[in-house]
Amino acid sequence: MVFWEGYVSDEAMGTFAPILVYWLYAGLYQLLPPLDNYRLHTRREEDDKNSVPLPSVVKGVLLQQLVQATVAQGLFLLTSKANSLGITVQPSIPVQIVQIVIAMLVMDTWQYFVHRYMHQNKFLYRHVHSQHHKLVVPYAIGALYNHPLEGLLLDTFGGAISFLVSGMTARTAVIFFCFAVIKTVDDHCGLWLPGNIFHILFQNNTAYHDIHHQLQGLKYNYSQPFFPLWDKLFGTYMPYNLVKRPEGGLEARAVKAMKDYLNHNNLSVN
């Protein structure tokens, strides 16, 4: 039993709930006060380095979500497990948990290799993936700001393959896709807030992905949105230290860059 049963179909929830959750969660971050002491970049950096205005980012995200919704509807229609009475028998909770874990691993695998290839292929990076990196300083609403082709290949196809391989029902997909959306938004929020559960449970988090958006980290930390597994296996893992900025706030500084900084200033690593 779920709260939407009898009001909205699982297929409709699986299509539209992740979109609603995206705007609610990203909007929450957008409405927060400046919180300068917890920002990974100053507001001036965000204004100076990001080359895309917010209205364009919003339009880009809405376009990607339109494509995602269309694919999701078709996918749910083609894979419906409903019986002759229109009822879908739901697996047990333990089975659903296993399916979600499988989907997480499949999504991570797909996104790592597609994401990495988009960096390695100069044509794809220049004409497709570089659109996402126009947000040098990530923020929550821009989490899904991508070129339409990237949105289709990386996120939409990645989600579809995760759904198919895991064998989950549309009802389980509601939970999985909403969780994936929240995690993706949080990874791009640009804030290191005390007690953030994603920072506690996941190595692949806001600071981890922030490294990838910086010049020295472009060829590292491709993994998203859950685990750094593939980065560690394929030598693209770049650890970082959180350093307090003199003017307030924090900076996620790659360990290599940290060592260079300390050596340049004749300091030592603790």
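Predicted model: local features only at pLDDT ≥ 70, side-chain atom pairs only at ≥ 80, totals over all residues.
Colleague: Is helix α4 roughly antiparallel or roughly parallel to α6?
Modeller: α4 and α6 pack with their axes 8 Å apart. The angle between them is about 150°. Angles over 145 degrees count as roughly antiparallel. Therefore α4 is, relative to α6, roughly antiparallel.

Colleague: Is the crossing of α4 and α6 left-handed or right-handed?
Modeller: The contact draws on α4 residues including Trp110, Val114 and Met118. From α6 come, among them, Leu153, Phe157 and Ile161. The crossing of α4 and α6 is right-handed.

Colleague: What is the angle between α4 and α7?
Modeller: α4 covers residues 93-120, and α7 covers residues 170-187. Their axes lie 10 Å apart. α4 is oblique to α7. The packing angle is about 45°.

Colleague: How many nonpolar residues are in the contact of α4 with α7?
Modeller: α4 supplies Gln96, Gln99, Ile100, Ala103, Met104 and Met107. α7 supplies Thr172, Ile175, Phe176, Phe177, Phe179 and Ala180. Three of the contact residues are polar and none is charged. The nonpolar count is nine.

Colleague: Is Gln131 buried or exposed?
Modeller: Gln131 sits in the loop between α5 (122-127) and α6 (148-166). Setting aside residues up to four places away in sequence, Gln131 touches Tyr145, Asn146 and His147. Its relative accessibility is 18%. Buried means under 20%, so Gln131 counts as buried.

Colleague: In which sense do strands β1 and β2 pair?
Modeller: β1 is residues 240-244, and β2 is residues 250-254. Five bridges join the two strands. The sense of the pairing is antiparallel.

Colleague: Which residue takes a positive phi in the hairpin of β1 and β2?
Modeller: The hairpin has five residues between the strands. The phi in question is near 110°. The residue is Gly248.

Technical notes. Residues numbered from 1 in each chain as written. Heavy atoms only, no water. Axes fitted to C-alpha atoms, helices over the stretch in contact; angles between N-to-C directions. Helix = DSSP H or I, 4+ residues; strand = E, 2+ residues; numbered from the N terminus. Parallel < 35°, antiparallel > 145°, perpendicular 65-115°, else oblique. Contact = heavy atoms within 4.5 Å. Nonpolar A, V, L, I, M, F, W, Y, C, P; charged D, E, K, R; others polar. Buried < 20%, exposed > 50% of the residue type's maximum accessible area, 1.4 Å probe, protein only. Pairing = 2+ DSSP bridges. Left-handed = near helix turned anticlockwise from the far one by under 90°.
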